[in-house]
Amino acid sequence: FDLFVSHNSSDAAWVKNVLLPELEKRSQPPFKVCVYSRNWLVGRHIDECIVESLEQSRKTLLLVTNAFAESQWCQFEMTMAQHRLIEKDNDNLLLAVMEDIEPINLNPRLRLMMKRKVYLQWTDDEVGQLIFWERLKQMLRS
């Protein structure tokens, strides 16, 4: 895969209806994207699926929302992605902040990551969205 998308299940509709069509249908060449709703086999252990998805993907996108920040599984995915970054000495971790994150939801790990990494910021503005997609695709090509 080109990309593993780490997201909360409450953001699955946006991933399916907006992100996947943009990356898999409107990009040339199309990107191969791994998302749990279609790429993980039913009955497998979630932690095994997370590790496998990280290993099989060139890059990992953390889709940060308040729901993501509150989720233990999303926090586990973020931790595993950071360990992989250190282990492989390869900065393949992308961060997209999709909404204003409530201060109560910013754990120390996420706060630090948002301070240290340049991240994408989703916006309701049409021009801002075009810039978001162009920057994300640029990052995926590198």
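Does Arg58 count as buried, exposed or partly exposed, and what is its relative accessibility: which values apply? Select Arg58: at 37% relative accessibility, Arg58 counts as partly exposed (buried means under 20% relative accessible area, exposed over 50%, partly exposed in between, with a 1.4 Å probe and protein chains only).

This is a predicted model, in which local features need pLDDT of at least 70, side-chain atom pairs count only at pLDDT 80 or more, and totals for chains, interfaces and linings use all residues. Residues are numbered from 1 along each chain as its sequence is written, and side-chain values use heavy atoms, with hydrogens and water left out.

Asp2 and Arg58 form a salt bridge, with 3.3 Å between the closest N and O atoms (a side-chain nitrogen of Lys or Arg within 4 Å of a carboxyl oxygen of Asp or Glu). The pair links distant parts of the chain, 56 residues apart: Asp2 sits in the segment before β1 (3-6), and Arg58 in the loop between α3 (46-55) and β3 (59-64). Helices (H or I, at least four residues) and strands (E, at least two) are DSSP runs, numbered from the N terminus. Asp2 is buried, at 17% relative accessible area.

Now move to Glu22, which is buried at 12% relative accessibility. Show Lys137 as well: its salt bridge with Glu22 has the closest N and O atoms 2.6 Å apart. Glu22 lies in helix α1 (residues 12-24) and Lys137 in helix α7 (residues 126-141), so the pair ties together parts that are 115 residues apart in sequence. Lys137 is buried too, like Glu22.

Finally, select Arg26, which is exposed at 53%. Its side chain meets that of Glu22 in a salt bridge of 3.1 Å, N to O.
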